[in-house]
Amino acid sequence: MKNFLLFSVILCGIVVFCGCEKPHPPPPVASTELMVRFFASMRKGDHASAVQQGVKLYALDKSQEAVIQLVMLEQANQYVEEAQKALNSGDLNRALSVLSEGMKKYPENMALPQHYRRVRQLRNVKALIEAMERAKNSASMSASLTAARIGLAANSTPELEAYFKEYGKRIEEVRMNEKKIEKTPSIVEPAIEISKPGDKK
């Protein structure tokens, strides 16, 4: 009987000890395999999978700050690529909607608001360029060029800068023609009287 009680106490002690033991960290192999899958998903452009794997990887080891930075990048890429498809088809509103959805899902991601602002600025491109083409004199042309440079500063491209440079040359040509017209004296042609039948000469 004494042996049975002793055995019971020892058994209970083992159970309590095991229950209170802290969970062991996952073996290094599991972390390594997850890391491999994480980078493989990024290479394939599978942003959704990369985000999921990166979050799990960071949960295993919070010291890996680089991983969470890559996760945020993949979060942005997931929506930026979809927005780019909408832009390629000329649907600016769809692109903005996609990026807005991403910002709601990942409010801490700082890259998505930047892309959102750039797409909003692209809305002004057509209007600004059309205003430049409608301008008829050097003053209005200069004003429209300044407005376009300011409005499209965040979306500048080599092609756009080349267009601005060429437009600046056109302004100078128009200004020179305006000065020539100002210097040319106006010629008043003499009035010619037309005699009517029956008038005496």
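**View 1. The contact between helices H4 and H6.** In this predicted model, Ala76, Tyr79, Val80 and Leu87 of helix H4 meet Ala111, Leu112, His115, Val119 and Leu122 of helix H6. Sorted by class, the residues of this contact of H4 with H6 comprise 8 nonpolar and 1 polar, with no charged residues. Helix H4 spans residues 65-88 and helix H6 spans residues 111-134, and the two pack at an angle of about 15° with their axes 10 Å apart. That angle makes H4 roughly parallel to H6, and the crossing of the two helices is right-handed.

**View 2. Valine 80 within helix H4.** When neighbours within four places in sequence are left aside, valine 80 is in contact with Leu99, Leu112 and His115. Of these partners, Leu112 and His115 are also among the H6 residues that take part in the contact with H4. Leucine 99 is 19 residues from valine 80 along the chain, and the C-alpha atoms of the two are separated by 6.9 Å.

**View 3. The contact between helices H6 and H7.** Helix H6 also packs with helix H7, which covers residues 138-151, at an angle of about 165° and with the axes 9 Å apart. Because an angle over 145 degrees counts as roughly antiparallel, H6 and H7 are described as roughly antiparallel to each other. H6 passes H7 in a left-handed crossing, and the contact is made by Gln121, Leu128, Ala131 and Met132 of H6 together with Ser144, Leu145, Ala147, Ala148 and Gly151 of H7. The residues of this contact of H6 with H7 divide into 6 nonpolar and 3 polar, and none is charged.

**View 4. The salt bridge between glutamate 133 and arginine 170.** The structure holds 4 salt bridges, and one of them is formed by glutamate 133 with arginine 170, where the closest N and O atoms are 3.4 Å apart.

**View 5. The salt bridge between arginine 149 and glutamate 161.** The side chains of arginine 149 and glutamate 161 meet in a salt bridge, with an N to O distance of 3.3 Å. Arginine 149 lies in helix H7 and glutamate 161 in helix H8, so the pair ties together parts of the chain that are 12 residues apart in sequence. Arginine 149 counts as partly exposed at 37% relative accessibility, and glutamate 161 is partly exposed as well, with a relative accessible area of 34%.

**View 6. The salt bridge between arginine 175 and glutamate 172.** Here the side chains of arginine 175 and glutamate 172 meet in a salt bridge, with 2.5 Å from N to O. Both residues lie in helix H8, where they are 3 residues apart, or about one turn of the helix. Arginine 175 is partly exposed, with a relative accessible area of 25%, and glutamate 172 is partly exposed, with a relative accessible area of 41%.

**View 7. Glutamine 53 in helix H3.** Glutamine 53 has its place in helix H3, which runs over residues 47-60. At 15% relative accessibility, glutamine 53 counts as buried, because the cut-off for that class is under 20% relative accessible area. Not counting residues up to four places away in sequence, glutamine 53 touches Leu34, Arg37, Phe38 and Ser41.

View 8. The chain contains 8 helices and 0 strands, and its elements, read from the N terminus on, run α-α-α-α-α-α-α-α. Of the 201 residues of the chain, 21% count as buried. Among contacts in the chain between residues at least 6 apart in sequence, 53% join residues that are at least 24 apart.

Methods. Residues are numbered from 1 along each chain as its sequence is written. This is a predicted model: local features need pLDDT of at least 70, side-chain atom pairs count only at pLDDT 80 or more; totals for chains, interfaces and linings use all residues. Side-chain values use heavy atoms; hydrogens and water are left out. Axes are lines fitted to C-alpha atoms, for helices over the stretch in contact, and angles run from 0 to 180 degrees between N-to-C directions. Helices (H or I, at least four residues) and strands (E, at least two) are DSSP runs, numbered from the N terminus. Angles under 35 degrees count as roughly parallel, over 145 as roughly antiparallel, 65 to 115 as roughly perpendicular and the rest as oblique. A crossing is left-handed if the near helix is turned anticlockwise from the far one by less than a right angle, and right-handed if clockwise. Contact means heavy atoms within 4.5 Å. Ala, Val, Leu, Ile, Met, Phe, Trp, Tyr, Cys and Pro count as nonpolar, Asp, Glu, Lys and Arg as charged, and the others, Gly among them, as polar. Buried means under 20% relative accessible area, exposed over 50%, partly exposed in between (1.4 Å probe, protein chains only).
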